[in-house]
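This report covers one protein model.

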Amino acid sequence: MPTSPAGVDNVSVRSSYELEHPKPLNIEQRDSPSLEQVPSATGMGYDQSLKSEGRPGDAVSRQTALVIMATTWTIVLMNAPMKVGWFAFHPPLQSLAILLFTFGIITLQPTNQPKTKAAGLMRHQLAIFVVGFPTIALGTIAVSYNKWLRGADHFTTWHGFFGIITMAWLVFQIFLGAGSVWYGGALFGGGMKAKSLWKYHRLSGYILFPLLLFTVHLGGGWSTWGEKYSYWIVRFVTYTVAPLAVLVGVYARIRPSKMQFAINK
């Protein structure tokens, strides 16, 4: 009587049991991105089984942030940028950073599938940490250096005051986000202890982002530079209406259920 190879029956029984009794997935593991989930460059092919993670507000956010950047660059380039010294780098770099931050947020928040979450985390870090933060930092350095060269006082306007607050907050935000996922979250104890901090990083970002947009509103809509080089209707649309549209589009992605602070399910 023929017999099956040794071990085959055991494997079949074990596979059947695992299919019928899948291991539960911890909510923090499901909701918190991890660098360990990021696929390699060679394995990032298109998977037709994946559902689109797009949201209705995505296009509004991206395109409106692009309008802010394009208008700002146009105003600077059409008004003798060489005559304003290092300040000429400030508005273009800050508006580019806002576009990158917008993309970095909507590409990750929220994602539901492991593969799209991993790819979204990679894009999130490239847009915000690798490119966005250095861009806004250089823009801040440029305007600060320009003031130093002219012997002008720093932080004498609401735009400057909120600007330095947002820069300090950005450093904290990146520290919290990177520390909770890099090297398995080793900076904060690793494992679930580190992943549990992700909701605080997310909440902090949703408070910081409108503060960044408000700083843009003050700088473009109410500054001497804005009043001197652009019409009021341009300032109103670009630095009042547009930031609100960006914020609405981004906030359309918020899911409060992902930020449960009192109860861990």
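## Threonine 238

The side chain of threonine 238 makes a polar contact with the backbone oxygen of valine 234 at 2.8 Å. A polar contact is a pair of N or O atoms within 3.5 Å; within protein, one must be able to donate a hydrogen and the other to accept it, and residues adjacent in sequence count only if both atoms are side-chain atoms. Threonine 238 is part of helix α10 and is buried, its relative accessible area being 4%. Buried means under 20% relative accessible area, exposed over 50%, and partly exposed in between (1.4 Å probe, protein chains only).

With residues up to four places away in sequence left out, threonine 238 touches Ile68, Thr71 and Pro243. Contact here means heavy atoms within 4.5 Å.

## Basis of the model

This is a predicted model, in which local features need pLDDT of at least 70 and side-chain atom pairs count only at pLDDT 80 or more, while totals for chains, interfaces and linings use all residues. Residues are numbered from 1 along each chain as its sequence is written, and side-chain values use heavy atoms, with hydrogens and water left out.

## Fold

The protein has 10 helices and zero strands. Helices (H or I, at least four residues) and strands (E, at least two) are DSSP runs, numbered from the N terminus. Of the 265 residues, 43% are buried. Among contacts with a separation of 6 or more, 78% join residues 24 or more positions apart.

## Nonpolar core

The largest nonpolar core contains 33 residues, and those with the most contacts inside it are Phe101, Ile136, Leu170, Phe209, Leu212, Val246 and Val250. At least two core residues come from each of α3 (56-77), α4 (90-106), α5 (114-150), α6 (158-181), α8 (198-221) and α10 (232-251). Such a core is a set of buried Ala, Val, Leu, Ile, Met, Phe, Trp, Tyr and Cys residues joined through side-chain atoms within 4.5 Å.

Apart from neighbours within four places in sequence, phenylalanine 101 is in contact with Ile128, Gly132, Phe133, Ile136, Leu170, Phe209 and Leu212.

## Largest pocket and histidine 90

The largest pocket holds about 1000 Å³ of space. It is lined by 40 residues, and Phe87, His90, Val143, His159 and Gly219 are the closest to its centre. The elements giving two or more lining residues are α3, α4, α5, α6, α8 and α9 (224-229). On a 1 Å grid over the protein atoms alone, a cavity is a set of points where a 1.4 Å probe fits but cannot get out, and a pocket is an open set with protein on both sides within 12 Å along at least five of seven lines; lining residues have an atom within 4 Å of a point. Grid points are joined across faces, edges and corners, and a volume is the space filled by probe spheres set on the points.

Histidine 90 lies in helix α4 and counts as buried at 12% relative accessibility. The side chain of histidine 90 reaches the backbone oxygen of glycine 139 at 2.9 Å. Beyond residues up to four places away in sequence, histidine 90 touches Gly139, Thr140, Val143 and His159.

## Cavities

Five cavities of 30 Å³ or more are found in the whole structure.
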